Amino acid sequence: MLLLKEQPGVKYRQESCPVLENRSMGPGFCRITLAAPAIASLVEPGQFVQIFMPQEHPHMLPRPFSVHKADPENGIITILVEIKGQGSRLLASREPGSFLKLLGPLGNGFPPPPPGSILVAGGMGVAPLAFLAESVKYSRTLLYCARTADLLICPEADFNIPGLQIMRATDDGTAGFRGTAADLLSGCIAEAPAVFACGPRPMLVAVKEICLKRRVRAWLSLEERMACGVGACVGCVVPTIKGYKRVCRDGPVFPAEEVILDG
Amino acid sequence: MDEKTANQRQEKIIAPDLSVDLGGIILKNPVLAASGPFGYGREYGELTNFKDLAGIIVKGVSLEPWSGNPPPRITETPAGMLNAVGLQNPGLESFIKDDLPYLRTLDLRIIVNVVGCSIDEYAKVACRLSGEAGIDGLELNISCPNIKAGGMAFGTDPAATHLVVEAVRRETKLPLLVKLTPNVADIGIIARAAEEAGADGISLINTLSGMLIDTVKKRPLLGNAFGGLSGPAIMPVALRMVWQAAEAVRIPILGMGGITTADDALQFIMAGARAVAVGTGFFYNPELAKVLKTGLEQYLKKEGLAGLKQLEGIARF
(Lines give C-alpha, C1' and ligand atoms only; values in the text may rest on other atoms or scores of the structure.)
Protein backbone atom coordinates (compact mmCIF):
# COMPACT_ATOMS: atom_id res chain seq x y z
CA MET A 1 0.00 0.00 0.00
CA LEU A 2 1.48 3.32 -1.05
CA LEU A 3 0.55 6.08 1.33
CA LEU A 4 2.91 8.65 -0.07
CA LYS A 5 2.01 10.79 -3.02
CA GLU A 6 4.48 10.33 -5.83
CA GLN A 7 6.47 13.43 -6.57
CA PRO A 8 9.17 14.06 -9.12
CA GLY A 9 12.58 13.89 -7.49
CA VAL A 10 11.32 12.22 -4.33
CA LYS A 11 12.78 8.77 -4.19
CA TYR A 12 11.25 7.40 -1.02
CA ARG A 13 7.95 5.84 -0.13
CA GLN A 14 5.86 5.02 2.89
CA GLU A 15 4.71 1.40 2.96
CA SER A 16 2.80 -0.78 5.36
CA CYS A 17 4.86 -3.96 5.26
CA PRO A 18 3.99 -7.47 6.42
CA VAL A 19 6.74 -9.26 8.35
CA LEU A 20 7.58 -12.37 6.34
CA GLU A 21 10.23 -13.82 8.61
CA ASN A 22 11.78 -12.89 11.96
CA ARG A 23 14.77 -15.10 12.71
CA SER A 24 17.05 -15.06 15.72
CA MET A 25 20.71 -14.53 14.80
CA GLY A 26 22.06 -15.58 18.18
CA PRO A 27 21.49 -14.01 21.57
CA GLY A 28 20.59 -10.33 21.19
CA PHE A 29 20.21 -10.27 17.41
CA CYS A 30 17.54 -10.95 14.83
CA ARG A 31 16.95 -10.68 11.11
CA ILE A 32 13.60 -9.38 9.87
CA THR A 33 12.40 -9.93 6.33
CA LEU A 34 9.60 -7.69 5.10
CA ALA A 35 7.48 -7.40 1.99
CA ALA A 36 8.25 -3.85 0.85
CA PRO A 37 7.93 -3.81 -2.95
CA ALA A 38 8.28 -0.07 -3.49
CA ILE A 39 11.28 0.28 -1.19
CA ALA A 40 12.92 -2.89 -2.54
CA SER A 41 12.72 -1.52 -6.07
CA LEU A 42 14.30 1.82 -5.15
CA VAL A 43 16.89 1.04 -2.50
CA GLU A 44 20.64 1.30 -3.12
CA PRO A 45 23.35 -0.17 -0.87
CA GLY A 46 24.03 2.08 2.13
CA GLN A 47 20.53 3.53 2.29
CA PHE A 48 18.26 2.97 5.27
CA VAL A 49 14.61 2.76 6.27
CA GLN A 50 12.75 4.36 9.17
CA ILE A 51 10.58 1.78 10.90
CA PHE A 52 7.60 3.23 12.75
CA MET A 53 6.60 1.60 16.00
CA PRO A 54 3.42 -0.52 16.08
CA GLN A 55 0.24 1.47 16.80
CA GLU A 56 -0.02 0.17 20.34
CA HIS A 57 3.17 2.14 21.08
CA PRO A 58 2.22 5.57 19.75
CA HIS A 59 4.76 7.54 21.75
CA MET A 60 8.01 6.15 20.39
CA LEU A 61 10.17 7.55 17.62
CA PRO A 62 10.70 5.57 14.44
CA ARG A 63 13.98 3.64 14.32
CA PRO A 64 16.48 3.80 11.44
CA PHE A 65 17.88 0.53 10.03
CA SER A 66 20.28 -0.08 7.17
CA VAL A 67 18.86 -2.27 4.45
CA HIS A 68 20.81 -5.55 4.62
CA LYS A 69 19.40 -7.27 1.56
CA ALA A 70 16.97 -6.24 -1.14
CA ASP A 71 15.20 -8.43 -3.65
CA PRO A 72 13.37 -6.11 -6.03
CA GLU A 73 11.96 -9.02 -8.09
CA ASN A 74 10.13 -10.44 -5.11
CA GLY A 75 9.61 -7.10 -3.40
CA ILE A 76 11.46 -8.08 -0.24
CA ILE A 77 13.94 -6.35 2.05
CA THR A 78 15.85 -7.63 5.07
CA ILE A 79 17.18 -5.74 8.08
CA LEU A 80 19.46 -6.81 10.93
CA VAL A 81 18.45 -5.82 14.45
CA GLU A 82 20.65 -5.65 17.52
CA ILE A 83 18.35 -5.85 20.52
CA LYS A 84 19.58 -3.16 22.86
CA GLY A 85 16.64 -0.97 23.81
CA GLN A 86 12.87 -0.74 23.89
CA GLY A 87 12.44 -0.09 20.19
CA SER A 88 14.62 -2.93 18.97
CA ARG A 89 13.02 -5.28 21.53
CA LEU A 90 9.60 -4.40 20.15
CA LEU A 91 10.70 -5.04 16.60
CA ALA A 92 12.39 -8.31 17.57
CA SER A 93 9.08 -9.52 19.01
CA ARG A 94 7.10 -8.88 15.80
CA GLU A 95 5.62 -12.11 14.49
CA PRO A 96 5.38 -13.03 10.81
CA GLY A 97 2.08 -11.75 9.45
CA SER A 98 2.13 -8.60 11.57
CA PHE A 99 2.66 -5.24 9.87
CA LEU A 100 5.22 -2.49 10.23
CA LYS A 101 5.08 0.93 8.61
CA LEU A 102 8.30 1.74 6.78
CA LEU A 103 9.61 4.94 5.23
CA GLY A 104 12.42 4.63 2.75
CA PRO A 105 14.80 4.25 1.17
CA LEU A 106 16.43 7.21 2.91
CA GLY A 107 19.92 8.70 2.81
CA ASN A 108 22.49 8.80 0.05
CA GLY A 109 23.99 5.28 -0.02
CA PHE A 110 27.48 4.24 -1.12
CA PRO A 111 28.99 5.19 -4.47
CA PRO A 112 29.67 2.10 -6.67
CA PRO A 113 32.82 0.35 -5.43
CA PRO A 114 35.59 0.05 -8.04
CA PRO A 115 37.04 -3.46 -8.69
CA GLY A 116 39.38 -4.56 -5.90
CA SER A 117 37.69 -2.42 -3.25
CA ILE A 118 37.88 -3.35 0.41
CA LEU A 119 34.70 -3.33 2.47
CA VAL A 120 35.27 -3.07 6.23
CA ALA A 121 32.35 -4.22 8.38
CA GLY A 122 32.51 -3.90 12.17
CA GLY A 123 29.79 -5.86 13.99
CA MET A 124 26.38 -4.62 12.82
CA GLY A 125 28.21 -2.62 10.13
CA VAL A 126 27.88 -5.80 8.10
CA ALA A 127 24.26 -4.88 7.34
CA PRO A 128 24.86 -2.30 4.60
CA LEU A 129 28.21 -3.73 3.48
CA ALA A 130 26.84 -7.20 2.67
CA PHE A 131 24.30 -5.40 0.45
CA LEU A 132 27.12 -3.40 -1.16
CA ALA A 133 29.19 -6.58 -1.69
CA GLU A 134 26.25 -8.23 -3.44
CA SER A 135 25.59 -5.26 -5.69
CA VAL A 136 28.67 -5.70 -7.90
CA LYS A 137 30.01 -8.68 -9.81
CA TYR A 138 33.76 -8.04 -9.91
CA SER A 139 36.34 -8.81 -7.23
CA ARG A 140 36.13 -7.13 -3.83
CA THR A 141 37.14 -8.08 -0.33
CA LEU A 142 34.93 -7.97 2.75
CA LEU A 143 36.66 -7.66 6.10
CA TYR A 144 34.11 -8.85 8.65
CA CYS A 145 35.26 -7.96 12.14
CA ALA A 146 33.96 -7.89 15.72
CA ARG A 147 35.16 -8.12 19.30
CA THR A 148 34.38 -11.82 19.53
CA ALA A 149 33.02 -14.69 17.40
CA ASP A 150 29.44 -14.44 18.76
CA LEU A 151 29.15 -10.93 17.36
CA LEU A 152 29.88 -12.10 13.80
CA ILE A 153 26.19 -12.81 13.41
CA CYS A 154 26.06 -13.45 9.67
CA PRO A 155 27.11 -17.05 8.93
CA GLU A 156 29.51 -18.00 6.10
CA ALA A 157 26.58 -19.27 4.05
CA ASP A 158 25.17 -15.73 3.90
CA PHE A 159 28.10 -14.65 1.78
CA ASN A 160 27.95 -17.19 -1.00
CA ILE A 161 28.62 -14.44 -3.47
CA PRO A 162 30.82 -15.15 -6.54
CA GLY A 163 34.05 -13.15 -6.64
CA LEU A 164 33.79 -12.02 -3.03
CA GLN A 165 36.74 -12.70 -0.78
CA ILE A 166 35.88 -12.67 2.92
CA MET A 167 38.34 -12.27 5.78
CA ARG A 168 37.15 -12.44 9.34
CA ALA A 169 38.79 -10.98 12.39
CA THR A 170 37.99 -10.91 16.09
CA ASP A 171 39.74 -8.88 18.76
CA ASP A 172 40.01 -12.00 20.96
CA GLY A 173 40.90 -14.44 18.19
CA THR A 174 37.79 -16.62 18.66
CA ALA A 175 37.16 -16.51 14.90
CA GLY A 176 39.41 -15.70 11.94
CA PHE A 177 42.37 -13.39 12.25
CA ARG A 178 43.20 -12.26 15.79
CA GLY A 179 43.14 -8.49 15.88
CA THR A 180 41.10 -5.44 15.01
CA ALA A 181 39.58 -4.36 11.73
CA ALA A 182 42.33 -1.75 11.51
CA ASP A 183 45.04 -4.42 11.89
CA LEU A 184 43.46 -6.49 9.14
CA LEU A 185 42.96 -3.49 6.85
CA SER A 186 46.57 -2.32 7.29
CA GLY A 187 47.75 -5.71 6.02
CA CYS A 188 45.73 -5.73 2.81
CA ILE A 189 45.13 -2.12 1.81
CA ALA A 190 48.18 -1.79 -0.49
CA GLU A 191 46.39 -2.72 -3.75
CA ALA A 192 42.95 -1.36 -2.93
CA PRO A 193 41.53 1.53 -5.00
CA ALA A 194 38.91 2.37 -2.37
CA VAL A 195 37.63 1.44 1.07
CA PHE A 196 34.02 1.36 2.28
CA ALA A 197 33.41 1.06 6.00
CA CYS A 198 30.61 0.84 8.53
CA GLY A 199 30.97 0.00 12.20
CA PRO A 200 31.61 1.43 15.65
CA ARG A 201 33.06 4.96 15.87
CA PRO A 202 36.56 3.87 17.07
CA MET A 203 36.83 1.52 14.09
CA LEU A 204 35.83 4.29 11.68
CA VAL A 205 38.40 6.62 13.24
CA ALA A 206 41.10 3.97 12.65
CA VAL A 207 39.93 3.22 9.09
CA LYS A 208 39.94 6.93 8.26
CA GLU A 209 43.47 7.34 9.60
CA ILE A 210 44.85 4.37 7.65
CA CYS A 211 43.18 5.43 4.41
CA LEU A 212 44.29 9.06 4.65
CA LYS A 213 47.86 7.95 5.38
CA ARG A 214 47.89 5.53 2.42
CA ARG A 215 46.02 7.98 0.19
CA VAL A 216 43.24 5.52 -0.48
CA ARG A 217 39.76 6.97 -1.06
CA ALA A 218 37.38 5.92 1.69
CA TRP A 219 33.67 6.24 2.40
CA LEU A 220 32.32 5.86 5.90
CA SER A 221 28.73 5.06 6.81
CA LEU A 222 27.76 6.78 10.08
CA GLU A 223 25.15 6.18 12.71
CA GLU A 224 23.45 8.86 14.80
CA ARG A 225 20.28 9.20 16.86
CA MET A 226 17.50 10.35 14.53
CA ALA A 227 14.01 11.74 14.80
CA CYS A 228 12.47 12.66 11.43
CA GLY A 229 14.87 10.68 9.20
CA VAL A 230 14.24 12.96 6.22
CA GLY A 231 16.42 15.98 6.99
CA ALA A 232 13.89 18.36 8.53
CA CYS A 233 14.76 18.37 12.22
CA VAL A 234 18.59 18.55 11.97
CA GLY A 235 18.84 16.34 15.04
CA CYS A 236 21.32 13.81 13.62
CA VAL A 237 24.17 16.02 12.45
CA VAL A 238 27.88 15.17 12.29
CA PRO A 239 30.64 17.79 12.09
CA THR A 240 32.42 17.92 8.71
CA ILE A 241 34.96 20.24 7.13
CA LYS A 242 31.96 21.91 5.47
CA GLY A 243 30.03 22.41 8.72
CA TYR A 244 27.38 20.22 10.31
CA LYS A 245 25.84 17.71 7.91
CA ARG A 246 22.70 15.65 8.43
CA VAL A 247 23.46 11.93 8.73
CA CYS A 248 19.95 11.06 7.53
CA ARG A 249 19.88 13.26 4.44
CA ASP A 250 23.43 14.32 3.48
CA GLY A 251 24.72 10.89 4.63
CA PRO A 252 24.77 8.34 6.13
CA VAL A 253 27.77 7.80 3.81
CA PHE A 254 30.46 10.50 3.89
CA PRO A 255 33.89 10.77 2.27
CA ALA A 256 36.39 9.97 5.04
CA GLU A 257 38.38 13.15 4.44
CA GLU A 258 35.31 15.35 5.01
CA VAL A 259 33.89 13.98 8.20
CA ILE A 260 35.26 14.98 11.62
CA LEU A 261 34.87 11.92 13.81
CA ASP A 262 36.49 12.98 17.05
CA GLY A 263 34.76 16.37 17.17
CA MET B 1 -33.34 10.66 -2.76
CA ASP B 2 -31.68 7.53 -1.41
CA GLU B 3 -30.31 7.28 2.09
CA LYS B 4 -26.69 7.85 1.06
CA THR B 5 -27.43 11.07 -0.76
CA ALA B 6 -29.54 12.22 2.14
CA ASN B 7 -26.67 11.60 4.52
CA GLN B 8 -24.26 13.41 2.26
CA ARG B 9 -26.59 16.36 2.03
CA GLN B 10 -27.07 16.44 5.77
CA GLU B 11 -23.30 16.25 6.30
CA LYS B 12 -22.85 19.17 3.99
CA ILE B 13 -25.32 21.26 5.87
CA ILE B 14 -23.86 20.61 9.29
CA ALA B 15 -20.21 20.36 8.19
CA PRO B 16 -18.53 22.20 11.05
CA ASP B 17 -16.42 25.23 10.37
CA LEU B 18 -12.93 24.67 11.77
CA SER B 19 -11.58 28.08 10.81
CA VAL B 20 -10.18 30.36 13.51
CA ASP B 21 -8.68 33.84 13.73
CA LEU B 22 -5.38 33.65 15.55
CA GLY B 23 -4.57 37.27 16.31
CA GLY B 24 -5.26 38.34 12.75
CA ILE B 25 -3.97 35.19 11.10
CA ILE B 26 -6.98 33.46 9.56
CA LEU B 27 -6.53 29.69 9.71
CA LYS B 28 -8.69 27.23 7.76
CA ASN B 29 -8.44 24.88 10.73
CA PRO B 30 -6.71 25.18 14.11
CA VAL B 31 -3.78 22.84 13.35
CA LEU B 32 -0.32 24.31 12.76
CA ALA B 33 3.13 22.76 12.50
CA ALA B 34 5.18 24.00 15.46
CA SER B 35 8.48 25.71 14.85
CA GLY B 36 11.51 23.42 14.77
CA PRO B 37 10.81 19.78 13.89
CA PHE B 38 9.33 20.79 10.53
CA GLY B 39 12.39 22.76 9.43
CA TYR B 40 11.48 25.02 6.51
CA GLY B 41 8.82 22.68 5.21
CA ARG B 42 10.53 21.13 2.22
CA GLU B 43 11.29 17.71 3.67
CA TYR B 44 7.82 17.19 5.11
CA GLY B 45 6.44 18.53 1.85
CA GLU B 46 7.85 15.43 0.23
CA LEU B 47 6.49 13.24 2.95
CA THR B 48 2.96 14.35 3.70
CA ASN B 49 -0.02 15.94 2.16
CA PHE B 50 -0.19 19.49 3.46
CA LYS B 51 -3.89 19.85 2.76
CA ASP B 52 -4.95 19.04 6.32
CA LEU B 53 -2.56 21.53 7.88
CA ALA B 54 -3.54 25.19 8.28
CA GLY B 55 -0.02 26.54 8.36
CA ILE B 56 3.62 26.11 9.20
CA ILE B 57 5.58 28.00 11.80
CA VAL B 58 8.99 27.69 10.22
CA LYS B 59 12.13 27.02 12.19
CA GLY B 60 13.75 29.94 13.99
CA VAL B 61 15.45 32.50 11.76
CA SER B 62 18.26 34.73 13.06
CA LEU B 63 20.06 37.70 11.51
CA GLU B 64 23.23 35.71 10.75
CA PRO B 65 23.55 31.95 10.15
CA TRP B 66 23.79 29.87 13.33
CA SER B 67 25.65 26.55 13.23
CA GLY B 68 23.79 25.00 16.16
CA ASN B 69 25.01 22.74 18.94
CA PRO B 70 27.48 19.84 18.75
CA PRO B 71 26.02 16.31 18.53
CA PRO B 72 24.46 14.28 19.98
CA ARG B 73 21.55 16.67 19.63
CA ILE B 74 18.61 14.41 20.39
CA THR B 75 17.64 11.41 22.45
CA GLU B 76 14.40 9.64 23.13
CA THR B 77 12.85 9.77 26.60
CA PRO B 78 9.75 8.04 27.97
CA ALA B 79 6.87 9.38 25.85
CA GLY B 80 9.01 12.18 24.55
CA MET B 81 12.41 13.36 23.51
CA LEU B 82 15.16 15.77 24.49
CA ASN B 83 16.69 18.01 21.86
CA ALA B 84 19.49 20.53 21.86
CA VAL B 85 19.68 21.45 18.18
CA GLY B 86 20.57 25.01 19.19
CA LEU B 87 18.54 26.84 16.52
CA GLN B 88 20.80 25.86 13.64
CA ASN B 89 19.58 28.04 10.78
CA PRO B 90 20.89 29.49 7.54
CA GLY B 91 20.31 33.11 8.58
CA LEU B 92 17.82 35.73 7.44
CA GLU B 93 19.05 36.43 3.90
CA SER B 94 19.50 32.77 3.02
CA PHE B 95 16.02 32.02 4.39
CA ILE B 96 14.51 34.75 2.19
CA LYS B 97 16.45 33.64 -0.87
CA ASP B 98 16.29 29.83 -0.59
CA ASP B 99 13.35 28.87 1.63
CA LEU B 100 10.69 31.56 1.36
CA PRO B 101 10.10 31.08 -2.40
CA TYR B 102 9.24 27.43 -1.74
CA LEU B 103 7.02 28.30 1.22
CA ARG B 104 5.13 30.83 -0.94
CA THR B 105 4.11 28.02 -3.30
CA LEU B 106 2.27 26.20 -0.50
CA ASP B 107 -1.40 26.78 0.17
CA LEU B 108 -0.63 27.37 3.85
CA ARG B 109 -0.30 30.19 6.32
CA ILE B 110 3.39 30.87 6.82
CA ILE B 111 4.46 32.11 10.22
CA VAL B 112 8.15 32.78 10.72
CA ASN B 113 9.76 32.10 14.08
CA VAL B 114 12.23 34.87 14.88
CA VAL B 115 15.26 34.37 17.14
CA GLY B 116 18.03 36.67 18.25
CA CYS B 117 20.72 37.38 20.80
CA SER B 118 19.74 41.01 21.34
CA ILE B 119 16.67 43.21 21.10
CA ASP B 120 18.25 44.94 18.13
CA GLU B 121 18.69 41.63 16.32
CA TYR B 122 15.09 40.56 16.91
CA ALA B 123 13.92 43.94 15.63
CA LYS B 124 16.11 43.81 12.51
CA VAL B 125 14.89 40.34 11.54
CA ALA B 126 11.25 41.29 12.13
CA CYS B 127 11.65 44.48 10.09
CA ARG B 128 13.24 42.71 7.13
CA LEU B 129 10.66 39.90 7.12
CA SER B 130 7.81 42.40 7.22
CA GLY B 131 8.87 43.66 3.81
CA GLU B 132 8.61 40.21 2.24
CA ALA B 133 5.52 38.84 0.53
CA GLY B 134 4.07 35.51 1.57
CA ILE B 135 4.54 35.82 5.32
CA ASP B 136 1.31 35.76 7.33
CA GLY B 137 2.72 36.36 10.77
CA LEU B 138 5.73 36.28 13.04
CA GLU B 139 6.36 34.21 16.13
CA LEU B 140 8.84 35.83 18.45
CA ASN B 141 10.90 33.09 20.07
CA ILE B 142 11.95 34.27 23.51
CA SER B 143 11.94 30.78 24.92
CA CYS B 144 14.54 28.48 23.38
CA PRO B 145 16.35 26.68 26.21
CA ASN B 146 19.21 25.55 23.97
CA ILE B 147 21.16 28.70 23.27
CA LYS B 148 23.34 30.56 25.69
CA ALA B 149 22.48 34.15 24.80
CA GLY B 150 19.05 35.53 23.99
CA GLY B 151 16.30 32.96 23.70
CA MET B 152 15.01 32.00 27.09
CA ALA B 153 16.90 34.86 28.77
CA PHE B 154 14.16 37.20 27.49
CA GLY B 155 11.24 34.90 28.15
CA THR B 156 11.93 34.36 31.84
CA ASP B 157 11.83 38.05 32.76
CA PRO B 158 8.67 40.15 32.31
CA ALA B 159 10.60 43.41 31.87
CA ALA B 160 12.86 41.90 29.18
CA THR B 161 9.81 40.32 27.52
CA HIS B 162 8.14 43.72 27.41
CA LEU B 163 11.20 45.41 25.92
CA VAL B 164 11.78 42.90 23.14
CA VAL B 165 8.11 42.60 22.17
CA GLU B 166 7.74 46.38 22.16
CA ALA B 167 10.82 46.78 19.96
CA VAL B 168 9.60 44.19 17.47
CA ARG B 169 6.07 45.61 17.51
CA ARG B 170 7.48 48.94 16.29
CA GLU B 171 9.05 47.18 13.29
CA THR B 172 6.15 45.11 12.04
CA LYS B 173 2.47 45.32 11.19
CA LEU B 174 2.30 41.55 10.73
CA PRO B 175 0.33 39.58 13.31
CA LEU B 176 2.79 38.97 16.11
CA LEU B 177 2.77 35.86 18.29
CA VAL B 178 5.15 35.59 21.23
CA LYS B 179 6.36 32.12 22.14
CA LEU B 180 6.82 31.61 25.85
CA THR B 181 8.91 29.22 27.87
CA PRO B 182 7.43 26.96 30.54
CA ASN B 183 10.62 27.35 32.59
CA VAL B 184 9.17 30.14 34.74
CA ALA B 185 7.35 30.35 38.05
CA ASP B 186 4.41 32.46 36.85
CA ILE B 187 3.47 32.25 33.18
CA GLY B 188 0.65 34.77 33.62
CA ILE B 189 3.03 37.66 34.39
CA ILE B 190 5.12 36.95 31.28
CA ALA B 191 2.05 36.52 29.08
CA ARG B 192 0.65 39.83 30.32
CA ALA B 193 3.96 41.59 29.65
CA ALA B 194 3.84 40.35 26.05
CA GLU B 195 0.22 41.43 25.65
CA GLU B 196 0.85 44.88 27.08
CA ALA B 197 3.81 45.35 24.73
CA GLY B 198 1.59 44.74 21.73
CA ALA B 199 1.56 41.01 21.00
CA ASP B 200 -1.40 39.72 18.96
CA GLY B 201 -1.21 36.22 20.42
CA ILE B 202 0.70 33.96 22.78
CA SER B 203 2.33 30.64 21.76
CA LEU B 204 3.10 28.15 24.46
CA ILE B 205 4.76 26.06 25.57
CA ASN B 206 8.30 25.78 24.29
CA THR B 207 10.24 22.78 25.64
CA LEU B 208 11.02 22.11 29.28
CA SER B 209 14.70 22.33 30.15
CA GLY B 210 16.14 18.90 31.00
CA MET B 211 19.08 16.54 30.68
CA LEU B 212 20.24 12.92 30.71
CA ILE B 213 23.61 11.41 31.62
CA ASP B 214 25.37 8.59 29.77
CA THR B 215 26.54 6.36 32.64
CA VAL B 216 29.08 4.50 30.49
CA LYS B 217 30.83 7.70 29.37
CA LYS B 218 29.99 9.41 32.68
CA ARG B 219 29.11 12.53 30.70
CA PRO B 220 25.88 14.37 29.78
CA LEU B 221 24.21 12.52 26.94
CA LEU B 222 23.59 15.60 24.81
CA GLY B 223 26.46 17.58 23.31
CA ASN B 224 24.99 20.72 24.87
CA ALA B 225 24.44 18.96 28.24
CA PHE B 226 20.96 20.51 28.64
CA GLY B 227 18.18 20.11 26.14
CA GLY B 228 14.47 20.73 25.75
CA LEU B 229 11.95 18.05 26.67
CA SER B 230 9.03 17.64 24.30
CA GLY B 231 6.41 15.05 23.42
CA PRO B 232 3.40 13.56 25.21
CA ALA B 233 5.30 13.50 28.52
CA ILE B 234 4.96 17.29 28.80
CA MET B 235 1.35 17.56 27.66
CA PRO B 236 -0.23 17.96 31.14
CA VAL B 237 2.29 20.69 32.00
CA ALA B 238 1.59 22.48 28.72
CA LEU B 239 -2.14 22.26 29.24
CA ARG B 240 -1.91 23.73 32.74
CA MET B 241 0.18 26.65 31.44
CA VAL B 242 -2.20 27.34 28.55
CA TRP B 243 -4.98 27.44 31.13
CA GLN B 244 -3.04 29.93 33.27
CA ALA B 245 -2.03 32.10 30.31
CA ALA B 246 -5.63 32.17 29.09
CA GLU B 247 -6.65 33.50 32.48
CA ALA B 248 -4.03 36.23 32.31
CA VAL B 249 -4.53 37.68 28.82
CA ARG B 250 -7.29 38.58 26.34
CA ILE B 251 -5.29 37.90 23.17
CA PRO B 252 -5.68 34.43 21.61
CA ILE B 253 -3.46 31.53 22.53
CA LEU B 254 -1.72 28.98 20.35
CA GLY B 255 -1.38 25.88 22.51
CA MET B 256 1.26 23.23 22.04
CA GLY B 257 3.20 20.60 23.92
CA GLY B 258 2.91 16.87 23.32
CA ILE B 259 -0.22 16.81 21.17
CA THR B 260 -0.62 13.43 19.42
CA THR B 261 -4.40 12.97 19.23
CA ALA B 262 -7.52 15.01 18.45
CA ASP B 263 -8.52 14.59 22.08
CA ASP B 264 -5.26 16.26 23.15
CA ALA B 265 -6.00 19.13 20.77
CA LEU B 266 -9.52 19.48 22.17
CA GLN B 267 -8.15 19.64 25.69
CA PHE B 268 -5.92 22.57 24.71
CA ILE B 269 -8.88 24.35 23.13
CA MET B 270 -11.02 23.71 26.19
CA ALA B 271 -8.22 25.10 28.38
CA GLY B 272 -8.35 28.32 26.38
CA ALA B 273 -6.32 27.87 23.20
CA ARG B 274 -7.63 29.27 19.92
CA ALA B 275 -5.43 26.98 17.84
CA VAL B 276 -2.85 24.23 18.40
CA ALA B 277 0.56 23.32 17.03
CA VAL B 278 2.24 19.95 16.65
CA GLY B 279 5.97 19.25 16.76
CA THR B 280 7.29 15.97 18.11
CA GLY B 281 3.98 14.30 17.20
CA PHE B 282 4.90 14.52 13.50
CA PHE B 283 7.89 12.25 14.16
CA TYR B 284 5.56 9.54 15.43
CA ASN B 285 3.09 10.06 12.61
CA PRO B 286 3.81 12.33 9.63
CA GLU B 287 0.06 12.25 8.84
CA LEU B 288 -0.92 13.64 12.24
CA ALA B 289 -2.51 16.83 10.86
CA LYS B 290 -5.12 14.70 9.12
CA VAL B 291 -5.81 12.75 12.31
CA LEU B 292 -6.35 15.96 14.28
CA LYS B 293 -8.48 17.70 11.67
CA THR B 294 -10.71 14.67 11.17
CA GLY B 295 -11.03 14.09 14.91
CA LEU B 296 -11.98 17.71 15.60
CA GLU B 297 -14.59 17.62 12.85
CA GLN B 298 -16.08 14.43 14.23
CA TYR B 299 -16.23 15.87 17.73
CA LEU B 300 -18.01 19.02 16.58
CA LYS B 301 -20.50 16.97 14.59
CA LYS B 302 -21.15 14.69 17.53
CA GLU B 303 -21.70 17.67 19.80
CA GLY B 304 -23.82 19.43 17.20
CA LEU B 305 -21.55 22.48 17.22
CA ALA B 306 -21.04 24.72 14.22
CA GLY B 307 -17.51 25.79 15.13
CA LEU B 308 -14.75 25.78 17.69
CA LYS B 309 -15.52 29.16 19.23
CA GLN B 310 -17.95 27.70 21.77
CA LEU B 311 -15.33 25.28 23.02
CA GLU B 312 -12.55 27.80 23.58
CA GLY B 313 -11.81 27.87 27.29
CA ILE B 314 -15.06 26.02 28.06
CA ALA B 315 -13.44 23.90 30.78
CA ARG B 316 -12.62 27.07 32.72
CA PHE B 317 -16.15 28.37 33.15
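Me: At what angle do helix H8 (residues 235–248) of chain B and helix H9 (residues 262–271) of chain B pack?
Reply: This is a predicted model, where local features need pLDDT of at least 70, side-chain atom pairs count only at pLDDT 80 or more, and totals for chains, interfaces and linings use all residues. Residues are numbered from 1 along each chain as its sequence is written, with chains lettered from A and ligands numbered from 1 in the order in which they are written. The angle is about 25 degrees, with the axes 8 Å apart.

Me: Why is H8(B) called roughly parallel to H9(B)?
Reply: Angles under 35 degrees count as roughly parallel. The pair packs at about 25 degrees, so H8(B) is roughly parallel to H9(B).

Me: What makes the contact of H8(B) with H9(B)?
Reply: Residues are in contact if their C-beta atoms, placed from the backbone, lie within 7 Å. H8(B) brings Met235(B), Leu239(B), Val242(B), Trp243(B) and Ala246(B), while H9(B) brings Asp264(B), Gln267(B), Phe268(B) and Ala271(B). They divide into 7 nonpolar, 1 polar and 1 charged; Ala, Val, Leu, Ile, Met, Phe, Trp, Tyr, Cys and Pro count as nonpolar, Asp, Glu, Lys and Arg as charged, and the others, Gly among them, as polar.

Me: What domains is chain A divided into?
Reply: Domain 1 (13–106) and domain 2 (117–255), with bounds from an automatic or database domain assignment.

Me: How many residues of domain 1 of chain A are in contact with domain 2 of chain A?
Reply: 19 residues of domain 1 of chain A, against 17 residues of domain 2 of chain A.

How values were computed: Axes fitted to C-alpha atoms, helices over the stretch in contact; angles between N-to-C directions. Helix = DSSP H or I, 4+ residues; strand = E, 2+ residues; numbered from the N terminus. Parallel < 35°, antiparallel > 145°, perpendicular 65-115°, else oblique. Contact = placed C-beta atoms within 7 Å.
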